[in-house]
Amino acid sequence: MALDLTSLFLSTININEVHKIVQTSLAKNNNSNYPPYNIIKLSETIFRISIALAGFTKNNVEILLESNVLIIRSINKKSVENLEYLYKGIANRAFEKKFQLAENVKVTSAYFKCGLLNVDLEKMNQKKKLIKIDILEKN
């Protein structure tokens, strides 16, 4: 599922607009909502994506960044455990989540805590370039 967060990180918007952007992005994608996730604004420049991944470890998940697309997906590792489940209610299925990041957003860290994979993002200050355009005289 690709979730385009470009406009979230490029401009100042209010909470209603954030909700509208997220709902529009989700409506365009008919993919699974697994695993569930939150996007949290920690400060004006720091954001966190928290994904609920019960039963996963850092060895079962990979995080990639390709052309400003943050890709978080499971790695299908075969379990060597030979367990007989009486009931297996914890989903441990394959997944892939994609988040479109603006050019000025960088991934600063990723860590597991209490069954959540947290990916911290920071909005970098864009340096404004001043370009002087020479005026030519044409006859």
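I looked up Ile 63 and found it in strand E4; strands here are DSSP runs (E, at least two residues), numbered from the N terminus. The model is predicted, so I note that local features need pLDDT of at least 70 and side-chain atom pairs pLDDT 80 or more, while totals for chains, interfaces and linings use all residues. Residues are numbered from 1 along each chain as its sequence is written, and side-chain values use heavy atoms, with hydrogens and water left out.

I then listed contacts, meaning heavy atoms within 4.5 Å. Beyond four places in sequence, Ile 63 meets Leu 70, Ile 71, Ile 72, Ala 110, Leu 117 and Val 119.

Next I followed strand E4 (residues 61-66), which pairs with E5 in the antiparallel sense over 6 bridges; pairing requires at least two DSSP bridges. Glu 66 faces Val 69 in E5. The hairpin has 2 residues between its strands, and Ser 67 there takes a positive phi near 50°.

Finally I examined the largest nonpolar core, of 18 residues, where Leu 70, Ile 72 and Leu 121 touch the most other members. Such a core joins buried Ala, Val, Leu, Ile, Met, Phe, Trp, Tyr and Cys residues through side-chain atoms within 4.5 Å. Beyond four places in sequence, the residues touched by Leu 70 include Ile 49, Phe 99 and Val 107.

How values were computed:
Buried < 20%, exposed > 50% of the residue type's maximum accessible area, 1.4 Å probe, protein only. Helix = DSSP H or I, 4+ residues; strand = E, 2+ residues; numbered from the N terminus.
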